[in-house]
Amino acid sequence: MPTYCIIGTNRGLGLEFVRQLAASPDNTIIATVRPSADRADLEKVASPTTHVLECDTANVQSVHIFSNQVARNILAGADGPSTTKIDYLIISAGINGTPPGQDSLSLNPVLLNEQIAVNVVGPAKVVEFLVDRKALSPSVRILNMSTGLASLALSSGMSPRKSISYSMSKAALNMLTVHQGYDLRARGLVQAVVIAMDPGWVKTRMGGEGAQIEPEESISGMLKVLHALKDEDNVSFFGRDGQRKPW
Ligand SMILES: NC(=O)c1ccc[n+]([C@@H]2O[C@H](COP(=O)([O-])OP(=O)(O)OC[C@H]3O[C@@H](n4cnc5c(N)ncnc54)[C@H](OP(=O)(O)O)[C@@H]3O)[C@@H](O)[C@H]2O)c1
């Protein structure tokens, strides 16, 4: 009876994670949306064991309230603290919006700060507050949704270069992944595995017109990778096909 927590589920990749996981009645799903989100598509795919909570990852207070709700209302049993914990935490919420043509010599600081807030600080605080609330299993699997654009190694050969501030924020998310993988184990989650994942170029609002693959294919690949993770995979960067990516 695994428990999944997926951040950012009203559309895009997060919605498809819920759709595929909700097909099994054994799965408990905690699915988050922003307060302003249209939940219609999520409600269509949710199972009876899907709990929808609000969480705006750009707002630390919102993440704090969300983590308290998870601990008090979902994981706690009627008679007090429960042994139920989150087995899989998938942080899909993210933003891009870098205009074409913007490069390192024309960086927009406002946009970069917004991307850092959602793509880096949000994932850090989600994990921090869920750890504080003892909501994560000692062998939790955490997937930080990254991109091939985050890879320093691959980026040096990329042409044309694109999405400067987005790629910087996702490179920071990759570094966060490395820190989290070690810090969680030091905090007693001794078999925790934290990975960064490149979903491929997927047909969502962010992926846009030219994207190559359907969400269904991307998510089924990522779930296979997630479910096959071993303890020694902690602090790794994977593609949806399970191939390791260079940091
Ligand atoms: N699609 C691709 O080709 C691709 C490639 C590489 C990496 N990725 C990564 O995959 C993840 C999902 O992307 P996607 O394609 O599904 O994008 P998307 O279609 O644009 O959906 C983004 C999701 O993130 C949510 N979100 C944005 N800001 C948020 C915030 N402050 N708090 C909580 N939720 C927030 C959105 O909610 P709202 O509707 O409320 O805005 C939406 O549910 C992102 O991290 C992205 O960087 C995508």
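**View 1. Helix α4 passes helix α6 in a right-handed crossing.** Right-handed means that the near helix is turned clockwise from the far one by less than a right angle. This is a predicted model, where local features need pLDDT of at least 70, side-chain atom pairs count only at pLDDT 80 or more, and totals for chains, interfaces and linings use all residues. Residues are numbered from 1 along each chain as its sequence is written, and side-chain values use heavy atoms, without hydrogens and water. α4 covers residues 109-132 and α6 covers residues 164-186. Their axes lie 8 Å apart, at an angle of about 15°. The two helices are therefore roughly parallel (angles under 35 degrees). The contact (heavy atoms within 4.5 Å) includes L111, I116 and V127 of α4 and Y166, L173 and L184 of α6. Its residues divide into 14 nonpolar, five polar and one charged.

**View 2. Helix α1 packs with helix α7 at an angle of about 65°.** α1 is residues 12-21, α7 is residues 215-227, and their axes are 9 Å apart. The pair is therefore roughly perpendicular (65 to 115 degrees). α1 passes α7 in a right-handed crossing. Among the residues that meet are L13, F17 and L21 in α1, and I219, M222 and L223 in α7. This contact has seven nonpolar, three polar and three charged residues.

View 3. A polar side-chain atom of N10 is 2.7 Å from a ligand oxygen atom. A polar backbone atom of T57 lies 2.9 Å from a ligand nitrogen atom. A polar backbone atom of V202 lies 2.7 Å from a ligand oxygen atom.

Notes. Axes are lines fitted to C-alpha atoms, for helices over the stretch in contact, and angles run from 0 to 180 degrees between N-to-C directions. Helices (H or I, at least four residues) and strands (E, at least two) are DSSP runs, numbered from the N terminus. Angles under 35 degrees count as roughly parallel, over 145 as roughly antiparallel, 65 to 115 as roughly perpendicular and the rest as oblique. Ala, Val, Leu, Ile, Met, Phe, Trp, Tyr, Cys and Pro count as nonpolar, Asp, Glu, Lys and Arg as charged, and the others, Gly among them, as polar. A polar contact is a pair of N or O atoms within 3.5 Å; within protein, one must be able to donate a hydrogen and the other to accept it, and residues adjacent in sequence count only if both atoms are side-chain atoms.
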